[in-house]
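Student: Please take a close look at a single part of this structure. I would like the geometry and the surroundings, with every cut-off stated.

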Amino acid sequence: MKSIIRFIPLILFILLGVLLYRGLFLNPQAMPSAMIGKPLPNFQLPTLKATDQLFGRDDLKGNIVLLNVWATWCIQCKYEHPYLLEIALDPRIKLYGLNFTDDLNAALSWLKQYKDPYVFSLFDEQGALGLDIGVFGAPETFVIDHTGIIRKRFAGPINNVVWKEEFLPLIKTLEIEMANGAS
Amino acid sequence: MIPELGHFALIIGLAFALCLSIVPLIGVAQNNQQLINSAKPLSFGLFLFVAISIFLLGYSFTIDDFSVKYIAGHSNSLLPYYYKISAVWGGHEGSMLLWVFALTCWTFAVSVFSKQLEKEFVARVLAIMGMIAVGFILFTVLTSNPFERLLPNFPLEGRDLNPLLQDFGLIIHPPMLYMGYVGFSVAFAFAIAALMAGKMDAAWARWSRPWTVAAWSFLSVGIALGSWWAYYELGWGGWWFWDPVENASFLPWLAGTALIHALAVTEQRNTFKHWTLLLAIFTFSLVLLGAFLVRSGVITSVHSFAVDPERGIYLLVFLAIAVGGALTLYALRATNVSSPSRFTLYSRESAILVAMSILVTATVTILLGTLYPLIIDAMGMGKISVGAPYFNAVFVPMMIALFLFMGVGPLTRWKKARKGELSKHLNGTSIFSVLFGAAWPFIFAGEFSLSAFIGMTLGCWIVLAVLKDVFNNAKQADGSLKFSAVPLNHIGMAVAHAGIAITVIGVTMVSTYENEINVKMAPGESVNLSGYTIEFDGTKNILGPNYSAIQGQLKVSIDGEFVTLLKPELRTYKVQRMGMTEAAIHTNVWRDIYVALGDPLETNSWSMRLYYKPFIVWIWSGGFFMALGGFLAILSKRYRKRVLVTEQKLKQSTSAVLKEA
């Protein structure tokens, strides 16, 4: 009997191990945002390449819009950049950038150096729009559907796996929704 | 070439670690003295090559070799040289190398300072440490190589060290913390070796005691430094956030505190052996668990490292092998451990037993709080975060109970207190403590406060108990006092307990009487903060080595008398373009005045956060006293003397066993 008691710590540890193993495959960065299901708030911001013009919500054209929050001070943005260049080639989506609390010249030379995946990149120097939609840090990516509703927020860098698991299913759903809406 | 040499040295270190974990054990199994004796040179080789490796990484940092990916990501040519060196542990890969280096330091130290111990036992201990080293070096080499190159297109300039880490506190905080973490591997190795040998007598407890206390002392300093850094660097005036990473360091500290008490009882009274074995395993498991939590990304925290599931899986497998193996060994081999000695309800054993139970309960409670978001998420029940309110609500009452027992334990005899003796000792101290605690809020603030009453009473109670204990020990037969007669380890205990009291007083005073105001200030305006007049004289622009800053000028005075000029800064670091608040603090023993710049508002005015923090420096001073107490205890002569005696005893007993066989 007593020898069975001595196995209790081991059993507890095994349970903990199972839990931790499951935890590895959860994503603490998939943070639901209060903005999901709500329309993108309107804004008046210049873009990096046209600082003398103001752009608003309606200028983000496209059926499925991805708004990628980035900055040159963000190391993980550099990591996700090559994937963004790939994603931008996908005809189903339009990828816009939101350059967040950054330096204009640094951001422009970044785009020159690493190539520009965005249709255009909003220049949010003060972080005003970022504050409105609850940006936590960079990189973050928002998915906005054809009716202008925010459908998803993903915090952290995008890579092939994330793209396949987090974004493609949603894009398929949105396509079905659009097909149904049209018919 | 030099980074490759560093990488190569690390791999040679891995080879040494592999040999160390196998060869001495074969020696023990075959009773081959030559193989047993190989443990010591192998430990030295392991230490030497890992030292070469970390030195070469540091050297590459100082010469700005940005072709190394890790250096390009964590340094910059403008960075001052001391931050270049501390940047070695400024990120995941380099901090793993520091971790490995700390481990090899301990391994080497054990091999050097264990001449008095039985050779087979030391060989086993070193082999276990070698296995742990294999695990961590392999992890570093396979998943987190700091020597990886960015070739052929390497950047001409680095991304710079995170400005938050460009700070004096962060130069010494990680080495202290890691020395503490990894130091518990020694206690773990001793416990495993004892289980393997099937010899769980008081001797192994005595041998591992100074090592465990040393690790605990390092960890105390590490945690205190981390908390101090968070206080002055993050600019929020808080000193503990119950962040998962903070908890990851606090959990082993709590378990380690229980362990050093269990070891004391096991050594002196030859009992509590199961406690000691399990706590040694538990403490080191928490160290490994902390490494897993921080470095795998299962939990979000403000200061977790880069997330990589591959690392998480490796660490989890390592955790499973180390802890699962240890607990299996315990389940199978701990059968012949009996605790022969008996003790009564009124004895030091009882007091320590209660204290250990409280410490373990507190550890488990905090562990649950830390893992709770993960548990909920794993069961698909959504995402939550457990904040400071939970931890404070559960932790504070447990600590109050613990501190009550801290005032009893040192004044109680082993085994059985004499009739009336306990009440004789405790009556005076308890009455005085309660009076002191009740009077304090009136003297300090003019009105009663329950939290101040409880905190100050407990602080006073703990200090009086150890003072009285030291006096009792110094008392000679003729009634005179002779403090040199008090054993050093006893003084160490008293100092460490007093350190706890100092921290308790600091925490009590800060949480009861701190004062915070958020104001908008224009030049020339002044505000009143807990009796101090703080006048804003406008801002200056200044230039640092790798940043530019706006510096506020605030004149602090009390009753018309000038106290100090505070200069909080808002820095912009050139490379990372990150805004950083640098708070300005004026510290003395009784209070801190803390000023942080907020945002610039219209026409030269600024939003500002001003804090008055009474006794806050006591919180961290307490940590240093705890460590000081620990180091005093290690210096105690009794470890060296008694160890020799035990060895002779052991020889006798082993020869007796051999004769029986």
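Tutor: Helix 9 of chain B is mostly covered, with 30 of its 32 residues buried. A residue is buried if 20 or more other C-beta atoms lie within 10 Å of its own, exposed if 12 or fewer, and partly exposed in between, with C-beta atoms placed from the backbone. This is a predicted model, in which local features need pLDDT of at least 70 and side-chain atom pairs count only at pLDDT 80 or more, while totals for chains, interfaces and linings use all residues. Residues are numbered from 1 along each chain as its sequence is written, and chains are lettered from A and ligands numbered from 1 in the order in which they are written.

Helix 9 covers residues 202-233 of chain B; helices (H or I, at least four residues) and strands (E, at least two) are DSSP runs, numbered from the N terminus.

For chain A, the secondary structure comes to six helices and five strands, in the sequence order α-α-β-α-β-α-β-α-β-β-α. Of its 183 residues, 32% count as buried.

Back in chain B, B:Ser347 sits in the loop between helix 12 (309-333) and helix 13 (348-378). B:Ser347 counts as buried because it has 20 C-beta neighbours inside 10 Å.

Methods:
The expected span of a helix is 1.5 Å times one less than its number of residues.
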